Amino acid sequence: MKSSGVKSRQAERLTALVAIALLLFCPPLIIVIDRLPSFSVGWLPLYLFIAWAVVIGLTAWLMEHRAGR
């Protein structure tokens, strides 16, 4: 019974990760980031790279954290 509780918790965490990814890449936020004043290089490529790296890093951490136990 404890095993199903752990799997349920992992599913909840992965669902929360999907929700975070959807929020990070929603069009209104992308438009706001794209329209920020820039000096030489726009903020959009930097934001997309960092947001994508965060999503990949959190996914790897969640999956490896469960595999270690």
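I looked up sequence separation of contacts (heavy atoms within 4.5 Å). Of the contacts in the protein between residues at least 6 apart in sequence, 56% join residues at least 24 apart.

I noted that this is a predicted model, where local features need pLDDT of at least 70, side-chain atom pairs count only at pLDDT 80 or more, and totals for chains, interfaces and linings use all residues. Residues are numbered from 1 along each chain as its sequence is written, and side-chain values use heavy atoms, with hydrogens and water left out.

I checked secondary structure (DSSP runs numbered from the N terminus: helices are H or I, at least four residues; strands are E, at least two). The protein has three helices and zero strands, in the order α-α-α from the N terminus.

I then looked at burial (buried is under 20% relative accessible area, exposed over 50%, partly exposed in between; 1.4 Å probe, protein chains only). Of the 69 residues in the protein, 16% are buried.

Leaving aside neighbours within four places in sequence, Ala51 contacts Leu24 and Phe25.

I also placed Ile50, which lies in helix H3 (residues 43-67). Ile50 counts as partly exposed because its relative accessibility is 45%.
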